[in-house]
Amino acid sequence: MSLFGEKCARCGSKTRNKVDGAATCESCAEEMRLMVKAQGESSRPCPVDGAVMKKEIAHMLVIDRCPDCQGVWLDGGELERIKGGVEANALMAMANGFTVPFG
Ligand SMILES: [Zn+2]
Ligand SMILES: [Zn+2]
């Protein structure tokens with residue numbers, strides 16, 4: 001009945017966007033695309049302690065997070081993106097341990 005009544009299955013924000021029949025806002029859809037891509041890449045060891053890092057998506061960036069030291073590492077390509085854009089702010093927020101919610 002309503003044009004805006006659907007809620008994103010992941011974050012709950014209102015959206016008309018759909019992925020595979022499930023309401024998914026565009027931010028989450030983009031994250032899901034990134035996650036699928038990231039999972040196709042091999043995990044790297046933490047440069048500090050050698051633990052296998054887990055892929056995470058933060059602020060539309062693929063990051064490697066170490067489960068041991070909680071260190072966050074970026075792929076080379078992601079760094080290039082950050083240098084050129086507003087995502088520098090997101091990186092600063094991430095480095096400071098803040099999580100900025102989407103939407
Ligand atoms: Zn969402
Ligand atoms: Zn580590």
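Mentor: Two strands pair if DSSP finds at least two bridges between them. Helices (H or I, at least four residues) and strands (E, at least two) are DSSP runs, numbered from the N terminus. This model is predicted: local features need pLDDT of at least 70, side-chain atom pairs count only at pLDDT 80 or more, and totals for chains, interfaces and linings use all residues. Residues are numbered from 1 along each chain as its sequence is written, while chains are lettered from A and ligands numbered from 1 in the order in which they are written.

Trainee: In what order do the strands of the open sheet stand?

Mentor: The sheet has 3 strands, and their pairing is antiparallel. Strand 3 (54-58) and strand 5 (72-74) each have a single partner strand, so one side of each is left without a neighbour in the sheet. Those two stand at the edges. The order is therefore 3-4-5.

Trainee: How many bridges join strand 3 to strand 4?

Mentor: Strand 4 covers residues 61-65 and runs antiparallel to strand 3. Lys 54 has Arg 65 as its bridge partner. Ala 58 stands opposite Leu 61. The number of bridges joining the two strands is 5.

Trainee: Which residue in the turn between strand 3 and strand 4 has a positive phi?

Mentor: Strand 3 and strand 4 form a hairpin, with 2 residues between them. One residue in this turn has a phi of about 55 degrees. That residue is His 59.

Trainee: Is Asp 20 buried or exposed?

Mentor: Asp 20 lies in the loop between strand 1 (18-19) and strand 2 (22-23). Its phi is positive, about 50 degrees, although Asp 20 is not a glycine. For burial, count the other C-beta atoms, placed from the backbone, within 10 Å: 20 or more is buried, 12 or fewer exposed, in between partly exposed. Asp 20 has 7, so it is exposed.

Trainee: What is the phi of Gln 70?

Mentor: Gln 70 sits in the loop between strand 4 and strand 5. With 9 C-beta neighbours inside 10 Å, Gln 70 is exposed. Its phi is positive in a residue other than glycine, at a value near 65 degrees.

Trainee: How far apart are the C-alpha atoms of Pro 47 and Trp 73?

Mentor: Pro 47 lies in the loop between helix 1 and strand 3. It has 12 C-beta neighbours inside 10 Å, so it counts as exposed. Along the chain, Pro 47 and Trp 73 are 26 residues apart. Their C-alpha atoms are separated by 9.0 Å.

Trainee: How does Ala 23 count, with 19 C-beta neighbours inside 10 Å?

Mentor: Ala 23 lies in strand 2. Contact means C-beta atoms, placed from the backbone, within 7 Å. Not counting residues up to four places away in sequence, Ala 23 touches Glu 6, Lys 7, Cys 8, Ala 9, Thr 15 and Lys 18. Because its neighbours number 19, Ala 23 counts as partly exposed.

Trainee: What is the C-alpha to C-alpha distance between Ala 23 and Gly 5?

Mentor: In sequence, Ala 23 and Gly 5 are 18 residues apart. In space, C-alpha to C-alpha, the distance is 9.9 Å.

Trainee: What share of the chain's residues count as buried?

Mentor: The chain has 103 residues. Over the chain, the buried share is 11%.

Terms used
Contact = placed C-beta atoms within 7 Å.
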